[in-house]
Every structure is written in structure tokens, then in C-alpha cells.
Amino acid sequence: MSEPLLTIKNISKEFSGVRVLNNINIDINRGEIYGILGENGAGKSTLLKIICGIYTPSAGELFLAGRKVSVGTPMEAKALGISMIPQEFNLIETLTVFENIFLGSEVRKGFLLDKPYMREQTSNLMQELQTDLSPNALISSLSVAQKQMVEIAKALVHDSHILIMDEPTTVLTIHEVEILFDLMAKLKEKGVTILFISHKLKEVKRVCDRILILRDGDQIGVEEVQNVDEHDMARKMVGRELNQTFPEKSFPQEEVVLQVRNLNITNLLTDISFELKKGEILGFSGLIGAGRTELAESLMGLRPKNSGEITINGEKVDIQSPLDALKHKLGYLSEDRKGKGLLLNFRIPENITLISLKKYTRWFIRKEQEAESTRNYIKQFNIKASSLKSELEFLSGGNQQKVYFSKWMDTDPDILILDEPTRGIDVNAKRDMYHFIHSLVEAGVSCIIISSELEEIIGLCTRVIVMREGRITSEVSGEHINEEEIMYYAAGLN
Amino acid sequence: MNFQAVNWNQIKKIDFSKYTPFIALLLLVILSAIGSEHFLKFRNITNILRQVSYTGTIALGMTFAIVAGGFDLSVGSMTAFVGVIAIYTLNYLGAGADAVILAVLAAIVLGSALGAVNGLIVTKGRITSFIATLGTMSIFRSLTLYVSEAGEVISQNDLYPEIGGGYFLNIPFPVLIFLGLAVAFHVLLNNTPFGRHVCAVGANQQVAVFSAIKVKWITFLTFVITGFTVGVTAVLLSSRLNSVSPGDAGIFFELDAIAAVVIGGTPLSGGRGTIWGTVIGAVILGIINNMLNMLGVSPYLQGTVKGLVILIAVLLQYKKS
């Protein structure tokens, strides 16, 4: 390789005296896929935001193709060919693909928009990306993966040669991830440089050429990916040996606590029957859209069902609302922590006690008791917050998830459904979550875990139900809980 | 290591964003006291508070509707309608204190019931509160004019004016009722599960649903509370004048009530808010009216000033978030 495309030299960043990035020095080559690894709070986002002009560094310099540049704003970054593919897409749902791609840089012919030209350009771009997405499709009609494609196309139309992807795979199905990786390979061939951030070390190992590892704002090392394995990466990120991510599996008792029979929801779920034993961790695996979340929501009374019988502790129940579910000591942590789980503008205690508020009320809410109970959860679940008065939006993803967990623990559930319990949280918080779940079932609570991370399902569950297109396709247990078998049923390869 | 920086940030945050309405009120009082020697006289202060208490009481109820993410435009027309019906009830029942008590009860029940109608349209009919109450605003006004045949409705009871015109310890009754309700509502919003649920519904309806909160019921109740405060105001206002003129009574009350809530720091997007802020917002509006009168500013210009104050209050909120 000749001269590096992007050089980061002695970059540091302080926020009101706190150093969050410390003297980072890296070279990134043209056409390279460069991974950036670190736990939450290690400084990954800060570094990215410096590169794409959202933050200005406190010290240090950036060089683009050997020329010193200062990236003051995201606009300037774009002009220099640096684009960020955001985690939460900035697309306008009511506009079409081509309108979004050319948003803000519309091509005009006289006073009017030159729509045919823009359509053609978009369609060329889509061909280049080898997708059959129509330029005239409405964004609201697209899948998450397709939306991501549009975001990438949007960056390419601006001649970006550096793409920053911040955890692009978290929202994708396994199949879609493959498409994304293919696309990344093609972009790489064209000489596009990609900065890739992911919590999934397996992906990093697979797609990246080199990686930078950050810990507490320090540059721990730059490695050729071929020289390290996932264990090395994790060890370097955390700074110590990560022994035992998953606790020892514990085996359920004989007693059946939940039984579902022939549950149907038109167009969503067909003939769902299963049972859950006391103290069991039952996994639900499947691709996105297999109907697992819908199943959980219907169990909680959040979705009306057409038919089906649910029995809890031997008693037939009719759950029409979350309140009914609560009465039967059923709990559900949604996959959508921010949209359905927590009130981000509320403080920690108010979030934790929201469902169980009655416990704290005798005429009026006894706020001292709320605080007391919150302090216990903070201690028990190792929640890091500067004070009880912190609003939730100022907590990291992992700590938010622990607050969410506490919120349901405070209702004292017998059955807890956890939907993607570790989405978007770092290695340490994940490990914590696994151990909390484990001690929960040890105490006789029964858990259903819905997860797209096979590793998690395999590591935690004693029995796994695989779903596909609204049906249960298989149930595996024991040694059959392995990646091949689960994928086989999830993808419907039989 | 960075204690000073952190503390300073916290101080700045608390002082600025939370107490802005209070600081604004303080400044306004000081300016007014300098501007007019009559301003700080006891009589003037109680007058201002009395003026404020009518729309202020409605603003207390409106705070619940707005915190829950809603809105009620019908309160002005509703005030006129309830006022007219209250006086008709009174005249039907004849003289005496028990007639007054029954009429007052009827007014409060009617107000709450009309609020319930708004609440039902919003929750069961799934119509956004803006449109729903725009509709009922027109309906209530038209019904008022119809039942009264657009003529002034006058009470024949001698005791009735005592409510709106009476004093206790030299303080007008309406002021006492306004402040008393404010204290009760403050406790309701801050110290009860209901108040917490109102905030949760306004902050994120989905999260509220997933947290086993009866979202529709809570939303419905905020409209009932607003209707209840309209019932109270209708009594205070009609008893003060001992009559209701169906065409003008309650005109622009919705504006003043919403303005008081917003000036008091409650965001129109809902999710949080304070009752004391609303009280201060209402008083700020009252003082501005009072000062403009005392300074001899044309009454036609007063709307302009009020409008500017509302805009500034909202702008300040934007800056905060």
C-alpha cells in the first residue's frame, strides 16, 4: 500500500476536563475495512464523531491523503468525502427512495426538479449495489435492511470514499447481514474505505482487515485481524481474561408453569403450542419477522389473538391487557428499550417503580421508599449512574437495560419474557445480564428468552424453540442446541 | 477531579431551566412596582389575583390535559354553557342557600360531564384532542346561544353573588378557591400514582401501555379534570356578575389557560409539568394586563403583548431542549 488515506495523529478529546480519548494514532488505507473495538464508553463514538466533524478534537491532527484537514462540521466532512451511516436512519418515510437519496442536493432543470435524471442515477446506483430496489419505492414500504441500503446509496451519491458504519448489523437479520457484507466487499473493491464498529466480534473477525482496540479512551493496539482471534479481541477490550461469559446451566423443575395451546393470530402466528417449566430458561430462536415478539406481546395481552388457550400454573387464564398479565405475575422486557420500555426523561426511581407503584403508595407515593428500593437495585445489578436523580437518557445502553430489568423485577414476576435482553450493550453488561437471569431461575422464576444472537441462546438455554414465519418449526434441547441445527430450522432448509 | 465543573453545571441547570417562570415573575413584580406606585397595594394585588383566578383555575385542569399529551380548546365555550345552565338551574330552584348549593353542584357535575364527552371523543373516537375539542368548542357555544336565545341570563337569587363577590380574611373567594385547588392539584400531580401515570402517558404512550398503565382511562380523566375546573370557573364567574352573557362569556379562555400553562414551563409536547408553574404563568398574564391598564396602554394592544409573552415563553423552552 502506498500513502494512507486517513491519518489520525495524536488525537485527544476532553469534555469539561474529563479525558475521553487519549493520544490516538492510526493510519487507515484506501480500500480497507477498519474495525474499531471497545466497550461502551471506551471512546469509539467520540473518535468517530471527531472524524465526521461532530466534535472538534482537543488536541491532534487529521490528515486526508497526506493533506492536513480540519473537519469542523458534518457538512465539511461530507465535502471531504466522509459519510456516516447512522444507526437510526435519517430517511423521510413518506418520500421515495430517489427523493431521499437526493434530499438537500436535488438536481434541477431550470426551476423544476429533474426527476428523470435523479431516477436514472438512483437506478444506476442500485444496479451497482446489485439490488433490485426501485427508485420510486416509498421508504415506509422498505425493510430495515433496504433502508440501510438507501442510506449507503445516499453516501455514495455524494462521492464518499470513507464510510463510517456504527453497528450496522444490529438491526439486520442473518440473511440481510450477508447481503451487507457482500456489499461491503464490493465497496472495498471500488476503493471505498469503511470504518466498522460492532459489538459482535465474530463479524469483526470476518469482515475487517485491521482493528483498533480502545479501552477507557486509550489506544490499546492496532492488529491485523488475521493475527488475532475473538478471544484475544475480547481480552484486549476488557483488559483482563473474560472467563465464563455464561454461567453454568441450571436445570428446570418438573412443574409446568405456562402452557400455550394452539395460539393463532391471523397472518402472524399459526398454531403455537409450547410449555414452560418452573426455573427453566426457554429460548426462542428464529429470524427477524418469525413472530417471536408478536407471540410475546400476545401473551402479555398487548395483541388480540384469534384463538388459543393459555394456562398458568394449571389455571386457564384470559389475558386481555398487560394489567391482566401482571396479575398472573407475567413480565415482559421488550426488545425496543427506548420506544416501549423506559421513559427517557424520567429519573431512575420513577422508571423502576412505574409498574409497581401501588407498592409504594399509601394515599400518596412514598418517595423515600422509592429511593430506598432504587438504591437496592443499583447495588444489586451494579447500575452505574451519577445519582438517583439522573434522567435515563444520560445512562449508557447497558445501564438502561439494567434499569429496565429492575423495573420488571420490582413487580416480582413468576414468568419473565426477555426479548433481545442484550441488544446494543457491551461485553461486561452482557455478562452481568446473563448472571442476573441465571440467579433468577435459580430462585424459581421461569424465563423465556427471545434472541437473535445464537451464541446467547446456546449459552443460556436448556431448551430452544425455533420459529419461522409464525410457526414453531422445531424444538431442540441438550446437545442439539447448536448453531447448525438451529439455523437449519430457522431458515427453513428442510 | 472535576467536582467544580460538575457542580457548576448542575447549579446552572437547576436555576435556569426549572425556575425560569419564577424568575420572570419576580422581575415583572419589581418592574411593575417601579412603574406604578399603586401596583403593590393590597387591593391591587387581590384584584389581579381575582382576575387571574377564572382562567387560572381552568389552567390548573388544562395542565393535566397538556402533561398527558392532550389539549382542550373547548373550555371557553364550556364555561359559557355551564354558566348559563347553572343560572337556569338556580332560577328554577328559587331562592335560598340550598338552591345555590344544588346549582353549584349541578355546574360542577355538568362541567365534569362535558369534559368526559371530550375525553370519550379523544379516547374512544381516536380523534386528536386538537380537532375533537375544536369541534366541541363550536358545539358548546352554539348550544349556549340556543338555550338562552342569545339573551343575557340573569340570576334571581340574592345569595348567589356572594360566592364570586365574597371575601374571607380580605381575600376574594375565587382567589382562595384557585389557590386551594392549586395545592390539591399539585399533590395530585406529584404525589399520587395517577399523577405519575399522567406524566408517563404524555412522555411516551407506548411505554405507558407496555407498563400496564390504562392509557385511555388516564387520558379520559385528564379531560374530566379540565371539565371539572371549567365547572368551578363557571360558578365563580357567573356568580360574580350574577349573570352570563352567552355570546361573550369565556371568550379566549382557552387561549389564556393554555398560555398560563406554557408560560409556567410545561411543554406542549407533554410528559412533564408543574402546577406551581401554571399558577405563576397565570399570575404573570394577570400582572401584564394590570400594568398595561395602569400605564394607559390601549386595550387593543394588550393582545399583542400577551401574544409576545407566549412566543417568548415557547422560545425559551426551545432553547432549553
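1. Chain A splits into domain 1 (6–238) and domain 2 (256–490), with bounds taken from an automatic or database domain assignment. Their C-alpha centres sit 32 Å apart. Bear in mind that this is a predicted model: local features need pLDDT of at least 70, side-chain atom pairs count only at pLDDT 80 or more, and totals for chains, interfaces and linings use all residues. Residues are numbered from 1 along each chain as its sequence is written, while chains are lettered from A and ligands numbered from 1 in the order in which they are written.

2. Now the contact between the domains. Eleven residues from domain 1 of chain A and eleven residues from domain 2 of chain A take part (contact: C-beta atoms, placed from the backbone, within 7 Å). On the domain 1 side, α6 and α8 (230–238) of chain A each give two or more residues, and α8(A) has the largest share, with three residues. That side has four nonpolar, six polar and one charged (Ala, Val, Leu, Ile, Met, Phe, Trp, Tyr, Cys and Pro are nonpolar; Asp, Glu, Lys and Arg charged; the others, Gly among them, polar).

3. Next, strand β9 (residues 162–166) of chain A. Four of its five residues are buried, meaning 20 or more other C-beta atoms within 10 Å of the residue's own, with C-beta atoms placed from the backbone. Helices (H or I, at least four residues) and strands (E, at least two) are DSSP runs, numbered from the N terminus.

4. β9(A) runs parallel to β6 (residues 82–85) of chain A, joined by four bridges; strands pair if DSSP finds at least two bridges between them. A:I85 has A:M165 as its bridge partner.

5. β9(A) also pairs in the parallel sense with β10 (residues 193–197) of chain A, over five bridges. Here A:I164 partners A:L195. The chain gets from β9(A) to β10(A) through helix α6 (residues 174–189) of chain A, in a right-handed β-α-β crossover (clockwise from the first strand over the helix to the second, with the strands pointing away from the viewer).

Note on methods
A residue is buried if 20 or more other C-beta atoms lie within 10 Å of its own, exposed if 12 or fewer, and partly exposed in between; C-beta atoms are placed from the backbone. Two residues are in contact if their C-beta atoms, placed from the backbone, lie within 7 Å.
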